[in-house]
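Visitor: Could you take me through one part of this model closely, namely the place where the ligand sits? I would like to know what surrounds the ligand there.

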Amino acid sequence: SFDKISSTQDYAHDLIARGDAHNKTIIQALAQSAGRGRYRRTWVSHHGNLYASFIYKTTERDPKLSYAVAVAIAETLIALGMMPEIKWPNDVLIKGKKISGVLIEYSQSFVIIGIGINIKTCPTVKEYKTTKINNFVKDADINNVLGILIKEMDKWRKVNFLTVRERWMDLAAALNKVIQYHGKPAELIGLNEDGALVLRDGSRYILTYGDEISI
Ligand code: BTN
């Protein structure tokens, strides 16, 4: 755990490069000077929120992992008394506003799962609306949130994908509703057994692993 470092992701990459990383190493920072998000975005990281990277040994790149992580974060917020929804693949929202983000990267035989959860502050960003735990649960404590998250990560990482998929679909925002895919409307059908997102445009089914959707 660090008071302030550039990024827990970068620190994890360094640990692995030096040969000092182990399965289940967790790096936590209270603030980050160069927090990173997906799509080369910055993850504004003031004091008061959870910033952590979980390192696990892995033999393969598994797109299904990102759903297990989303469910683990959502379950953590549920344990605190909130009602989260998951926006594909692994953003967690409360009332349509983003409260948490996940960045999954690989290095050598490790996966690095970076998780940011807004607790006391939420930045204003142009791409989406944001919220924080403190708007719903007063005095939520970072260590308590991290403690619950560690247990949920251990659980959901190991359960079989059909269970993850079922829970992910329970919690999915806009399931069976029309969303925007590449600027065009499509119905969000769910996940298939391989972890692809299934969309429907009229009688045409679309499977995707990597694209953005907006809801
Ligand atoms: C996103 O939604 O774009 C992903 C955000 C991921 C942020 C976390 S905070 C801990 C870890 N360290 C980083 O620099 N990024 C991730």
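Guide: The ligand takes up the space of the largest cavity, where sitting in a cavity means that more than half of the molecule's atoms lie within 2 Å of its grid points. A cavity is a set of points, on a 1 Å grid over the protein atoms alone, where a 1.4 Å probe fits but cannot get out, and its lining residues have an atom within 4 Å of a point. This is a predicted model, in which local features need pLDDT of at least 70, side-chain atom pairs count only at pLDDT 80 or more, and totals for chains, interfaces and linings use all residues. Residues are numbered from 1 along each chain as its sequence is written, and side-chain values use heavy atoms, with hydrogens and water left out.

The largest cavity holds about 230 Å³ of space, and its lining comprises 23 residues, with Arg36, Gly37, Trp43, Gly101 and Leu103 nearest the centre. Around the ligand itself there are 20 residues, of which Ser7, Thr8, Arg36, Arg38 and Lys98 come nearest, a residue being near if one of its heavy atoms lies within 4 Å.

Ser7 places a polar side-chain atom 2.8 Å from a ligand oxygen atom, whereas Arg36 has a backbone N or O atom 2.7 Å from a ligand nitrogen atom, and Arg38 has a backbone N or O atom 2.7 Å from a ligand oxygen atom. Taken alone the ligand exposes 420 Å², and the protein buries 99% of that, with accessible areas from the Shrake-Rupley method and a 1.4 Å probe.

Note on methods. On a 1 Å grid over the protein atoms alone, a cavity is a set of points where a 1.4 Å probe fits but cannot get out, and a pocket is an open set with protein on both sides within 12 Å along at least five of seven lines; lining residues have an atom within 4 Å of a point. Grid points are joined across faces, edges and corners, and a volume is the space filled by probe spheres set on the points. A polar contact is a pair of N or O atoms within 3.5 Å; within protein, one must be able to donate a hydrogen and the other to accept it, and residues adjacent in sequence count only if both atoms are side-chain atoms.
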